[in-house]
Amino acid sequence: MDIDSSQMDPTFVDEIAAEPGGEHIRCCFACGTCTASCPVREVTERYNPRRIIHMAVLGLRDAVVSSDFIWLCSTCYACHERCPQDVRITELMHAIKNIAVRQGHIHPSFRQQFDMLSGHGRLYDITTLENERRAEQGLPAIAEQPADFQRIFAVTGLDVLIQPETRGAE
Amino acid sequence: MIRYALYLGCTAPVRALNYELAARHVAARLGIELRDIDDFGCCGFPLKSVHHQSALLLAARNLALAERQGLDVCALCSSCTGTLAEANHALQCDAELRDRVNRDLQAAAGLRYNGTIQVRHFVRILYEEVGLDRIREAVTVDLSGLRLAAHYGCHYLKPTEVHDHFDDPENPRSLDRLIEAAGAQSLFYEGREQCCGGGILGADEGTALALPRLKLERVVATGADALVIVCPFCDIMYELQQRRIEKLYETRFNLPVLFYPQLLGLAMGLSADEVGLTLNRVKSRKLMDLAVRP
């Protein structure tokens with residue numbers, strides 16, 4: 001596929017480098033150790049960290065942030081441990097996804113997890129059934145503490161960032 | 001006396017009661033005091049992809065709750081361990097970041113974190129603080145007939161800088177040594193270091209399940225009696241999803257999956273109920289027969 005130079009946004013790599021975790025993106029010399037180490041790449045060609053980094057460096061912002069493939073990092077840190085340039089690829093992928101979310105692209109599974117955290121402070125809700133099952137095994141009851149979570153998301157602005165009204169923008 | 005705040009996380013106390021049961025019983029027998037803190041919530045891991053600052057605040061909230069009790073954190077889930085240890089590392093190294101996080105944490109939850117505690121995985125505590133010698137001394141049941149495959153997973157030891165480089169990411173040994181200290185055999189197999197795929201189960205189920213399929217195939221090929229794991233999310237991939245993977249790929253694994261504390265509990269003479277063995281989904285007569293009758 002040809003690269004359309006009019007689609008290149010030179011500010012994209014600056015934005016990534018300014019994002020927590022993205023600071024080392026310019027250290028990449030495209031050796032491909034990340035892709036060779038990647039267990040997801042072992043099972044699908046859709047995820048290729050070297051390609052994603054190179055696309056980002058070229059400034060192909062829309063193609064990266066609107067893609068499905070940025071959500072396919074399993075966060076195993078195999079590339080992080082082996083990268084000879086200390087690009088910190090797992091954190092770099094987090095930085096790119098954070099930018100994608102700000103531009104209105106969030107994978108639905110992560111929105112569901114946000115909703116659970118906002119409503120329950122946990123990834124699974126705790127009903128009396130869960131605590132009955134725990135009691136049967138002699139384990140102490142656990143509680144949900146959603147109030148702190150809602151206040152944290154209000155302080156950080158995450159509640160507004162992915163509130164229902166803006167959800168059509170994806 | 002080894003004393004920690006027990007951080008259960010989201011998955012273990014709902015989906016892996018066997019792990020929690022075994023960990024609590026083994027800890028009590030080995031003189032590790034685990035204290036529950038009711039206010040603990042999500043570690044922040046799911047939000048790292050979405051909003052860095054929010055993820056960091058959720059981690060800091062838990063660290064502050066433990067610090068308030070003067071306790072270090074012992075986590076059962078590897079992802080929780082990694083997320084909390086990573087946040088702790090960042091907050092301890094960067095006073096400016098800590099001040100910024102504390103401003104928000106104070107406003108939202110009335111808490112502050114001073115950076116005085118440490119975060120450890122339960123199995124790392126067994127390895128480093130209890131130690132292999134004391135574990136060998138505690139063994140009363142002969143497990144020498146068990147052939148086991150160690151699965152380290154990822155966040156138990158990586159990124160290595162937030163886990164004090166306590167094990168080698170390319171050739172990890174801690175879990176193998178712990179299995180051997182419990183008296184069982186630890187097998188070598190191809191792809192030992194491979195990820196369970198849990199991190200992308202929500203994003204792309206088909207791709208995610210291809211990862212545990214590979215590992216299950218490789219482990220079954222060794223003739224292992226069970227896969228030994230240290231994380232409840234790895235359990236979701238290897239045990240809870242095992243039937244589904246078998247159906248998808250028209251194959252049969254029937255591979256039992258054990259949490260390391262369950263194995264150690266069996267070696268120490270705990271009953272099947274005490275190590276939660278009846279809650280394991282892939283049943284194993286051989287493992288049940290090794291459990292001491294109450």
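The model is predicted. Chain A has 11 helices and zero strands, whereas chain B is divided into domain 1 (2–121) and domain 2 (143–268). Chain B holds an open sheet of four strands in the order E2-E1-E3-E4, with parallel pairing, and an open sheet of four strands in the order E6-E5-E7-E8, again with parallel pairing.

**Chain A**

- From the N terminus on, the elements of chain A run α-α-α-α-α-α-α-α-α-α-α, and the C-alpha trace of this chain spans about 60 × 35 × 25 Å along its principal axes.
- Buried residues make up 38% of the 170 residues in chain A.
- Among the contacts in chain A with a separation of 6 or more, 66% are accounted for by residues 24 or more positions apart.
- Gln112(A), which is found in helix H8 of chain A, counts as partly exposed because it has 13 C-beta neighbours inside 10 Å.
- Gln112(A) and Thr75(A) are 37 residues apart in sequence, and their C-alpha atoms are 19 Å apart in space.

- E1(B) and E2(B) pair in the parallel sense over five bridges, and Ile2(B) stands opposite Ile32(B) in E2(B).
- Helix H4(B) packs on this sheet, touching E1, E3 and E4 of chain B, and the direction of H4(B) makes about 160 degrees with that of E4(B).
- Strand E1 (residues 2–7) of chain B pairs with strand E3 (residues 72–75) of chain B in the parallel sense over four bridges, with Tyr4(B) standing opposite Asp72(B) in E3(B).
- E3(B) also pairs in the parallel sense with strand E4 (residues 119–121) of chain B, over three bridges, and the bridge partner of Val73(B) in E4(B) is Val119(B).

**The sheet E6-E5-E7-E8 of chain B**

- The open sheet with the order E6-E5-E7-E8 has four strands and parallel pairing; strand E6 (185–187) and strand E8 (257–259) of chain B stand at the edges, each with a single partner strand, so one side of each is left without a neighbour in the sheet.
- In this sheet, neighbouring strands are turned by 40 degrees against each other on average, with direction ignored.
- Strand E7 (residues 226–229) of chain B is joined by three bridges to E8(B), and the two run parallel; Val228(B) has Leu258(B) in E8(B) as its bridge partner.
- Helix H12 (residues 260–267) of chain B packs on the sheet, touching E7 and E8 of chain B, and the direction of H12 makes about 80 degrees with that of E8(B).

**Packing of H3(B) and H4(B)**

- Helix H3 (residues 52–68) and helix H4 (residues 78–93) of chain B pack at an angle of about 90 degrees, with their axes 9 Å apart; H3(B) and H4(B) are therefore roughly perpendicular to each other.
- The contact is made by Leu56(B), Ala59(B), Ala60(B), Asn62(B) and Leu63(B) of H3(B) together with Thr83(B), Leu84(B), Ala87(B), Asn88(B) and Leu91(B) of H4(B).
- The residues of this contact divide into seven nonpolar, three polar and no charged.

**The two domains of chain B**

- The centres of domain 1 and domain 2 of chain B, taken over C-alpha atoms, are separated by 24 Å, and the contact takes 21 residues from domain 1 and 18 residues from domain 2.
- Helix H1 (12–15), helix H2 (17–29) and H4 of chain B each supply at least two residues of the side of domain 1 that touches domain 2.
- The residues of that side of domain 1 divide into nine nonpolar, nine polar and three charged.

Methods
Residues numbered from 1 in each chain as written. Chains lettered and ligands numbered in written order. Predicted model: local features only at pLDDT ≥ 70, side-chain atom pairs only at ≥ 80, totals over all residues. Pairing = 2+ DSSP bridges. Axes fitted to C-alpha atoms, helices over the stretch in contact; angles between N-to-C directions. Contact = placed C-beta atoms within 7 Å. Buried ≥ 20, exposed ≤ 12 C-beta atoms within 10 Å, placed from the backbone. Parallel < 35°, antiparallel > 145°, perpendicular 65-115°, else oblique. Nonpolar A, V, L, I, M, F, W, Y, C, P; charged D, E, K, R; others polar. Domains from an automatic or database assignment.
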